[in-house]
Amino acid sequence: MWRIVIVVSVIFILGLAYGLMQFLKSMKEEPPVRQTIESRRYVRVEPVKYSSIASSVSKEGRLSSVAEVDIVAEASGKIEAGNVTLKKGASFSKGDVLFVVYPDEAILSLKARKSQYQNTLASIIPDLVIDFPNAEEAFSQFFSSINVEKPLPPMPEIKDDKLKIFLSSRNVISEYYNIERDELQLKRRTVRAPFNGTFKDVYMELGAYTNTGGRVARAIRTDHLELEVAVQRADAVWIKKGDPVTVTSENSFTWKGKVIRKSQFVDENTQSQTMFISLPYNHQQPLLAGEYLVAHFPVRAIEGVMEIPRNSVFNSDEVFVARSGRLAKEKINVVKLNESTLLFNGLTEGDSVVVQQLINVSEGTLVQVDKEAAQQMGPGGLGGTPQGPPAGKPGAGENKKEQSANKSNNK
């Protein structure tokens, strides 16, 4: 019996405790629920409006000579001095004697050969008097005009086939051309400048012995230079052969040139096309091969485009537009890239395109399109943490609600 009384008492006590707990719980005030506030960004936007925009291309390039050649010896022998110092950096004019390959032995050998040729002619003239009287006078004058100190005179014209056979049998014709060959080789021992230029490198000194074909020096032309400019493929399409170009230097000198060549291939390392610009020689503003200059290609009008900062574009061809207070992604068609801006089309006119860089944002982010507020934000508001609205601007009431909720929680 006493066990039943104990069980009933325990149940009664537990029920009484539960009921008291529920009563006290019902008397407690419900804490205020803090409302979730969505952050808002202030962005700079511009309405999409297409027009005709003049755009130019400016690139730096290296000046080079149109002619850079190796000067070789066409005969073997000792190198002797000419009219120009055979040293690196020495300048010369077209036709100057650069150096001479020891010619004395070749001169004496040529004189001996001409003398021997005279003997051959002297031996055939009596036969010409008998067998070919019409040719005797011409060959007698030819014999008399030969001077071992001067080049051979022209050989008389041979029209008679029998006369030609007779002269060939006596080696008169073949020896004539052998002597002309030796005269040409003697001229080649004197090396003359092919253009106005300077020695870029010198490989052999005076007194050195050279073989036929030996490299003696390397020369460049200095009175005709061209500027070589590498232009990105996207910009190269706007440049045409024959376009006038303004070229400037760091010293504020200016030259007028024109595009004379445009490479028909793209450099595999830089993915650029090369433009070659011809520049006139100017004694007052001399140009030197190897220096760097800036080429300003002509301004061309591009129709139906809009210009925005390059840093407002991401993934190479995507931008944010503001619609109904939120961000949306759109693809654009990039027409031309400039140094800090780009020209594009592909958006519907009237859309509000974001013209600043945004970081850590996603499509659908709440934005406040307010040009005045965006200007007050300054550079610090570009893509950083969410910024509070200025006084008097929409959103101030949300901050007050948040402060009231925090006070209630503290109580």
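Predicted model: local features only at pLDDT ≥ 70, side-chain atom pairs only at ≥ 80, totals over all residues.
Contact here means heavy atoms within 4.5 Å.

**Ile 239 and its neighbours**

Ile 239 sits in the loop between helix H6 (233-236) and strand E13 (244-248). Leaving aside residues up to four places away in sequence, Ile 239 touches Val 231, Val 259, Lys 262, Met 275 and Phe 297. Is Ile 239 buried or exposed? Its relative accessible area is 2%, and since buried means under 20%, Ile 239 counts as buried.

**Thr 210, in a strand**

Next up is Thr 210, which belongs to strand E10 (residues 209-210). Thr 210 is buried too, because its relative accessible area is 0%. Residues up to four places away in sequence aside, Thr 210 touches Ala 73, Ala 75, Ser 76, Gly 77, Ile 79, Val 101 and Met 204.

**Helix H2 and its two partners**

Now for the helices. H2 (residues 104-131) packs against H5 (residues 172-188), and H2 also crosses H3. Here are the two pairings side by side.

| Helix pair | Angle | Axis separation |
|---|---|---|
| H2 and H5 | about 160° | 10 Å apart |
| H2 and H3 | roughly 160° | within 8 Å |

Take H2 with H5 to begin with. Angles over 145 degrees count as roughly antiparallel, so the angle of about 160° makes H2 roughly antiparallel to H5. H2 passes H5 in a left-handed crossing. On the H2 side, the contact uses Ala 106, Ile 107, Leu 110, Arg 113, Lys 114, Tyr 117, Thr 120, Leu 121 and Ile 124. H5 brings in Val 172, Glu 175, Tyr 176, Asn 178, Ile 179, Arg 181, Asp 182, Glu 183 and Leu 186. Sorted by class, the contact of H2 with H5 has 10 nonpolar, two polar and six charged residues.

Then there's H2 with H3. These helices cross at roughly 160°, and they are therefore roughly antiparallel to each other. The crossing of H2 past H3 is left-handed. By class, the contact of H2 with H3 splits into 11 nonpolar, two polar and two charged residues.

**Aromatic rings**

How many aromatic pairs does a search of the whole structure find? It turns up 10. One of them joins Phe 132 and Phe 166: this pair is tilted, at 5.8 Å centre to centre with 40° between the planes. The two residues are 34 residues apart, with Phe 132 in the loop between H2 and helix H3 (133-145) and Phe 166 in helix H4 (residues 161-169), so to speak a link between distant parts of the chain. Both Phe 132 and Phe 166 are buried.

Tyr 176 and Tyr 177 make an edge-to-face pair, because their ring planes stand at 85°, with the centres 5.4 Å apart. Tyr 176 is buried, at a relative accessible area of 5%. Ring pairs also tie Tyr 117, Phe 139, Phe 142, Tyr 176 and Tyr 177 into a cluster.

Methods:
Residues numbered from 1 in each chain as written. Heavy atoms only, no water. Helix = DSSP H or I, 4+ residues; strand = E, 2+ residues; numbered from the N terminus. Buried < 20%, exposed > 50% of the residue type's maximum accessible area, 1.4 Å probe, protein only. Axes fitted to C-alpha atoms, helices over the stretch in contact; angles between N-to-C directions. Parallel < 35°, antiparallel > 145°, perpendicular 65-115°, else oblique. Left-handed = near helix turned anticlockwise from the far one by under 90°. Nonpolar A, V, L, I, M, F, W, Y, C, P; charged D, E, K, R; others polar. Phe/Tyr/Trp six-rings, centres within 6.5 Å; stacked < 30°, edge-to-face > 60°.
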